[in-house]
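Welcome! Open your viewer, get your selection tool ready, and follow along one stop at a time.

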Amino acid sequence: MREDAGSDRINHFNRQQLMFRFQDISLKNKIFFTTLAMVLMLSVAIAIMARWILVSSLVNELTLRGIAIAQSIAEQGKGYVLTRDHPNLVSLVFDAAQLGERQILVDYIFIIDEEQKLLSHTFIRPFPRELIHANPIPADRSYSVRKLQVEDSIAYDIAVPIWEGIYQIGTVRVGLKEKHIHQIIHKLRITFLGFIFGTVVLIFLISHWLSKYITKSISQLTKVADEISRGNLDMKSLALFKDSSDNREEHCPAYYNTDLPCWHVDKVMDVAQDIDNFPQKASYCIDCMVKKKKVGDEVQQLGDSFKHMVRSIKLYRNRVRESESKYRSLFKSGPAPIFVLSCGTLIIIDANPSAQNTYGYDRDELVNMPFIKLAPEFRDKFIAYFEANPEDESFVYTKAIHYKKGQVPFYTNVEACRSRYRNKDAVIVATTDISEMIDKDAQLIQASKMTSLGQLSAGIAHELNQPLNAIKMGSDFLSMMHENKEDISNEQMAQISHEISIQVDRATEIINNLREFGRKSDFTKEKTDISKPVHNVLSIMGQQLKLQNIEIKLDLQENIPPIMAHKNRLEQVIFNLITNARDAIIQRMAEEIHPELGTIAISTSLQNGQVTLSVADNGTGMPESVQQKIFDPFYTTKQTGMGMGLGLSISYGIIKDYEGEIAIKSIEGAGTTFTVSFPAARR
C-alpha cells in the first residue's frame, strides 16, 4: 500500500510538472503547437481510415474484375467443356490471362469438369493438384473467393461454375496476384501520404504566421498594460498598434491633451450637478473616436479599444484628482466639524481643522481616538439605526451631548453616513454645535413659564393663603389664651401645633413646586416617573381650576416604567396641555347659556413598550384645518393679547427631544384629546 501511495504521489507530481510546463509556454507556441498537434492527429486518423477504405475498396474492385474474367471464360468455354476440346480450352485460358493488363494481375487460370478433373490451365510449371479442391463453391452462392497460398506466393482464388442449362458441367478458377494488389495500394499510400505531408507543411506555415500575428498585438498590449501599472499613461507611447500600412491619426484635440474637456467621459462621470446645465458637445465631438465604427480585424479593433480605454482612464484619473482636491479643500475649509471613522471600530481616522477647533484637540490627538470618547451615545444609535434600516446610507439625530477636551459637555446635531475612505469602509460624521440654540430654547421655555406663573398668580396666592390663614388662626388662638392667662390642655396644644405643622408643610410644598417649576430647565435626560410632573402641575393649578368650575379626573396607573426625560421640561408640556384644555372649556362655557361642568381627564398607561399620557377635555374642540396648524409657532386661535401661540410649539419640541410623539384627536363642539407617548426606559 505504501508503494501504491508513493506511486500516486509521483504521478501527481509529474502531472503538476507537465501542467506547469504547459502553462509556462508562450501563447504563440501554445497556438502553434496545439494547431499542429490537432492537424497531425487529424491526419493520422484520416490516413488510417483512408487506408482501410482504399484497401477494402481496391480488393473488392479487383475481386469483381476476377469474377468477371471467370464468368467470361465460363460463358465462352462451356461448349469446349462439353466436347472436351482441350486445345481450344487451353487457347481460351491463355488468351484471357494475357489480354491487356491482365498479365500483371492474373496469376493463373484453370478449368475443371464436374468430376473435378483438370481440363486446361496456364501454369508453365507442374500444376499444383491441391488447388483443385481448395476453393469449393457453396450451394447457395454463384461464386467463391478465397485467399490461398500457391507455392511461394499468395493469390486471391476465384471459383465460378460453368452451367449448361440447369446442370453444372465444370468450374473456372482464376487466381489474382496479391503482390500486384499490394503494389497498387503502396502507390496510393505514397500519394496520399505525400498529400497529407504537403497539407501539414502548409498548416505549419499558416499556424506559425497566425500565432505570430495574434500574439504580436497581445504582447504589445501586455507591454502597454505594464506601463499603465507603473503609472505611465503617456498617449504617445500607445502608437504600438500602427504598422507601416496604418497611417490613421485621431483628429480629436482632447485625444492627446487631457486638459481639454471630453463630452463622453464627463457625461459618464456625471460631472455636472445640474443636467440642464450640462456642457454641450464641442465641435470636435461630432466624430467621437469612442462612438465611431471601428475598422480592421478584431485584433486591430482590440488595440484601438485599448488605446481609447487608456485615454479614458487618464481622463478619469484627472477628474478624480480634481474631485478629490475639491472635496479635500471643502473638508479642510468646512465650518462644521467632520470626522472620518473606521466602520468597524469607530476609531477616528481623520478630522478637519474645524473639528480640532471645536473639540479642543490637536489632529494627532484625534487620530486613532475612539469616537465614543467624544460622543458616548453614538455607537448605540449608529448600530441600532442601521440594524433597523440596513438599506439606508445615512442617519441624523439631534441634540446629542458631546464632550470637548477636559470633558466639557456641549450639544450638537449629528449626521453620519457610510462611505469609502482610502479603499476601506468608513463612516463620515458631521456635527453642528447647537449649544447656543439650546440656551435660546431654554430661555424661551423659561419666558413661557414666567408668563404662565403670572397668569396663575391669583390661584397661587389663594393656595398660599389657605395654609397661612390656618397658621394665623392657630397663632391668634395661642396669643388670646396667653393674654387671658387661661390654661391650654395638652391635647389642645398638640392639636394646634400639629395643624400648624401640616399647613407649614403644605405651604413649603407649594413654594418648592413653584421654585422647581420656575427654575431654568435642563436638557439632560434621567429616569422620570411621568406621574410626578402631573401631580406637581396640579398642585400649582388645581385650586384655580376649581375656582373656574373645572373638575380634574385622574387615572394614573401605578407600576408604569419610567421614561428618559427631565421632569422640569415634562411639567412645562403638561402645564401647556392643561392650560389649553382649560381655555377651551372656558370658551365653551362663555358661548353656552346653560353650560355643563367642565372636565379635564388625565390618564397614563403602557402600550407596546410606550408610556402614554392622555389629556382630554370637553371644551369647544377644533376643526381639521386648525388641527393641522396647532403645533406651528405663533399660531393661535385665541383673541389678541390672550396668547402668543408658542405653548404647543414648545411642547412639541420638548416631546421630540425625548424621542416622543404627540397625537391630537378633536371633534368640533365635543372636546379634544392630546396623547403623548414616550419609549419606556431600558432597565
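## Stop one: a cavity

Start by selecting Ile530, Leu570, Val573, Ile574, Leu613, Val676 and Phe678, which line the second largest cavity. Keep in mind that you are looking at a predicted model. Two elements each give two or more residues to this lining: α15 (567-591) and β17 (671-679). Colour α15 next, as the largest share of the lining, three residues, comes from there.

What kinds of residues make up the lining of this second largest cavity: nonpolar, polar or charged? Seven are nonpolar, and there are no polar and no charged ones. The volume of the second largest cavity is about 40 Å³. Searching the whole structure turns up three cavities of 30 Å³ or more. Rolling a probe the size of a water molecule over the atoms is what shows where empty space is left.

Now move to helix α10, residues 378-388, and pick out its buried residues: Phe378, Phe382 and Phe386. They sit on the same side of α10 because they cover an arc of only 40° around the axis. An α-helix has 3.6 residues a turn, so residues three or four places apart point the same way.

Which exposed residues does the face of α10 turned away from its buried side carry? Select Asp380, Glu387 and Ala388 to see them.

To finish, show the strands that the buried residues of α10 pack against:

- β6 (338-342)
- β8 (394-404)
- β9 (408-421)
- β10 (424-433)

Note on methods:
Residues are numbered from 1 along each chain as its sequence is written. This is a predicted model: local features need pLDDT of at least 70, side-chain atom pairs count only at pLDDT 80 or more; totals for chains, interfaces and linings use all residues. Side-chain values use heavy atoms; hydrogens and water are left out. On a 1 Å grid over the protein atoms alone, a cavity is a set of points where a 1.4 Å probe fits but cannot get out, and a pocket is an open set with protein on both sides within 12 Å along at least five of seven lines; lining residues have an atom within 4 Å of a point. Grid points are joined across faces, edges and corners, and a volume is the space filled by probe spheres set on the points. Helices (H or I, at least four residues) and strands (E, at least two) are DSSP runs, numbered from the N terminus. Ala, Val, Leu, Ile, Met, Phe, Trp, Tyr, Cys and Pro count as nonpolar, Asp, Glu, Lys and Arg as charged, and the others, Gly among them, as polar. Buried means under 20% relative accessible area, exposed over 50%, partly exposed in between (1.4 Å probe, protein chains only). The arc is that of the directions from the helix axis to the C-beta atoms. Contact means heavy atoms within 4.5 Å.
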